[in-house]
2 protein chains.
Amino acid sequence: MDMNKFENIEGGVCAAKGFKASGFYAGIKAYMQTGESAPSVPGKKNDIALMVSDVVCNTAGVYTSNKVKGAPVVVTKRNLAANGGRAKAVIVNSGNANTCNGDGEEKAQAMCDMVAQKLGISSDLVIVASTGVIGQVLPLEPIEKAIDPLFDRLSYTGNVEAATAIMTTDTVKKEYAVRFTAGGRECTIGGMAKGSGMIHPNMATTLNFITTDCAVSSEMLRKALSEVVKVTYNCLSVDGDQSTNDTCMLMSSGLAGNAEIACDGSDFDTFREALYQVMANLTRMLAKDGEGASKLVTCECTGAPNLDTAIIIAKSVIRSPLVKCAMYGADANCGRIMCAMGYAETDCDVTKADVYYISRAGKILVCKDGLGLSFDEDLAKKILTEDEIEIFVDLHMGDSSATAWGCDLTYDYVKINGDYRS
Amino acid sequence: MDMNKFENIEGGVCAAKGFKASGFYAGIKAYMQTGESAPSVPGKKNDIALMVSDVVCNTAGVYTSNKVKGAPVVVTKRNLAANGGRAKAVIVNSGNANTCNGDGEEKAQAMCDMVAQKLGISSDLVIVASTGVIGQVLPLEPIEKAIDPLFDRLSYTGNVEAATAIMTTDTVKKEYAVRFTAGGRECTIGGMAKGSGMIHPNMATTLNFITTDCAVSSEMLRKALSEVVKVTYNCLSVDGDQSTNDTCMLMSSGLAGNAEIACDGSDFDTFREALYQVMANLTRMLAKDGEGASKLVTCECTGAPNLDTAIIIAKSVIRSPLVKCAMYGADANCGRIMCAMGYAETDCDVTKADVYYISRAGKILVCKDGLGLSFDEDLAKKILTEDEIEIFVDLHMGDSSATAWGCDLTYDYVKINGDYRS
């Protein structure tokens, strides 16, 4: 699928009709350290976000496959199950994952209750998510105090405030939106994401909130989300650690006025392609901002006998610590690529593979039919010194292909994670 | 099983009766760069090793599960299959893995032929192994020139020369031997190992050569080796990358004079325990010398419903990059331990687990019933500042336990692997 098919627009989660957002500095980490609410200093990074839709939305979600699940994941799943997949609001905090701490579920539910009370709606129409340190008690006091300011600040242009609030070790906010046409109406999908470390495939990696005004049934939302997650967020690996709190929500307000997409067909295909563009671009941003990363590294596996094989091979290459170190050092070591393909959990024979390195500086073949080649080391060095590198693998076995997104492994990853809690 | 049950003795692969060894500097890496044999400078680290038994040995081997297999692995498996599991000599080079380079099998076979010719034996009685960079052509010339000096230097005390020759990024040689009694005779098992990076479970990790004078049938050698590999080398993870060349060989000369162990019983149990002690201690050395490691980190999982679950949980914790970084930074982050247990590929419920950190400086409980505790941060820091740390996990579900061995993730790992080939 094409990552650039539709017009890319501004607006993030507020780009689609009917979605307000806001962010605020509640001082959650400061409260955990001092037991007191920090004064609301201007300029402090927001740590709590609110999103409210003008109408109740059809909503689909995918969640972490980690058996240790964050309390907000448990509560959100329960809420959506209770009402058949509908939601009107989202509350998210950073600074504490509200996980493995004993009273997490009551507190996650309390966060939903606070928002529901302000809106005069049922609590099960509220989605809750948390991100940050695991295993510490979440203080509700600063969150309670933040509720009024969050509602005061809600606006149709509050997307940046919200996208900033969900960041942890992220160095940049991640937003993306596209405009497309479905059922003769102009529609929009937009989203925001956070995530930097503890990122690995086989889950809805990180926190992701996608909104659309395109009218889509809950069932078709779920279908589109699961198909697109498989080839975007689940093809992302920063460090191989699967988080406990990963959540990806897709909410449809339906305010674009198109006839609801309730079955397969060209409108559904267009919607899915637009969703792919949003999620693939957010995935790319997440990889590029991986903890300590100095380079975006993607692996495109082509010529695979089927999609699953292409995904497994591409992910195995991207995950390898030795490949990641080689990319950091601009070392065109093709043995490590072959090695990582060889231990990928698939029956596919990778010994006929060709391997190329590609960047803005050029393209070089380093492995042909599974065998290392002599190549121009100077050109290879030039290619790998760029900050966006593609490892291109052709298995010569079929027509399927997939991309996996990752980054290099650097001193800074070790530094950031040597003492995360302080 | 006990890592210290039997008397630990010197002698490595030469400790058991009937095994000679030698090592030599062939200049393989220098030849790859210049196309010429380097002068044999005294003081250069050996890069080729020879081991010869006085008699033909019953021999068992386990090999990498990577689908990209080094040519020496293919040739050694073929040789042992051809003669029903017997061998008389081993030749090993470092500096080039002889893998993914097109003509590797012919060259691995040629190495066997050179040794067989000197000994006047069939080539299939020779085991060959290579370690080093993947994807580059192995030059035979320096190896040919090294054969005579290797045979000249062969001795019953050549174990250190050989153990040094198989090192790559290893900073110390790894040898271990024990003495035990079987069938009323004093027996010995000894071994040497190499390995530092590209180390991960589910294979005979790294290169390992174990010799014994205890008479054991080929079948029972294979049984002992596969049982012990499962709880030693396969419970080792340095970086999650599975090598293409991993080989573990166990050779029995039978010269201790005991009645051959050909079935289960107390002699077999004793042999297996002694083998465990050798392999567990070599595994521990491999972990402690992991690339860039500043700390040995072990995880003991106890209270597991079965052995496989204990192994899977312990390995998942040891492999996690975030746990490894936290150990480097002496950060008692228990959330990362819970997270890594949660994504371990087992159905086991880990949410009732207790987690302790243990070292020479003390023991501290950081997680009880799956929930993070408040704990003495100063004591935790003191415990984690030691250079040997145990993460102790009690699942409270059964009687099985297992240990996994690993190390911390440091700046130096990134540095070493940023430009391995040069």
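Modeller: Angles under 35 degrees count as roughly parallel, over 145 as roughly antiparallel, 65 to 115 as roughly perpendicular and the rest as oblique. This is a predicted model, where local features need pLDDT of at least 70 and side-chain atom pairs pLDDT 80 or more, while totals for chains, interfaces and linings use all residues. Residues are numbered from 1 along each chain as its sequence is written, and chains are lettered from A and ligands numbered from 1 in the order written.

Biologist: Let's start with a helix pair: how do α2(A) and α3(A) lie to each other?

Modeller: Helix α2 (residues 71–82) and helix α3 (residues 104–119) of chain A have axes 8 Å apart. Helices here are DSSP runs of H or I of at least four residues and strands runs of E of at least two, numbered from the N terminus. The two helices pack at about 55°, an angle from 0 to 180 degrees between N-to-C directions of axes fitted to C-alpha atoms, for helices over the stretch in contact. The pair α2(A) and α3(A) is therefore oblique.

Biologist: How many nonpolar, polar and charged residues are in that contact of α2(A) with α3(A)?

Modeller: From α2(A), residues including V74(A), V75(A) and N79(A) meet a group in α3(A) with E105(A), K107(A) and C112(A) among them; contact asks for C-beta atoms, placed from the backbone, within 7 Å. Nonpolar covers Ala, Val, Leu, Ile, Met, Phe, Trp, Tyr, Cys and Pro, charged covers Asp, Glu, Lys and Arg, and the others, Gly among them, are polar. The contact divides into six nonpolar, three polar and two charged.

Biologist: What is the bridge partner of K368(A) in β13(A)?

Modeller: Strand β12 (residues 362–368) of chain A runs antiparallel to β13(A), and two bridges join them. In β13(A), K368(A) is partnered with L371(A).

Biologist: Which element gives the most to the side of chain A that touches chain B?

Modeller: That contact takes 51 residues from each of chain A and chain B. On the chain A side, α9 (321–328), α10 (334–342), β13 and α12 (411–418) each supply at least two residues. With seven residues, the one giving the most is α10(A).

Biologist: Over in chain B, at what angle to β12(B) does helix α10 run?

Modeller: Chain B has an open sheet of six strands, with mixed pairing. Within it, β11 (residues 354–359) and β14 (residues 388–394) pair in the antiparallel sense over five bridges, with D354(B) opposite D394(B). Helix α10 (residues 334–342) of chain B packs on this sheet, touching β11, β12, β13 and β14, and its direction makes with that of β12(B) about 60°.

Definitions and conventions: Contact = placed C-beta atoms within 7 Å. Pairing = 2+ DSSP bridges.
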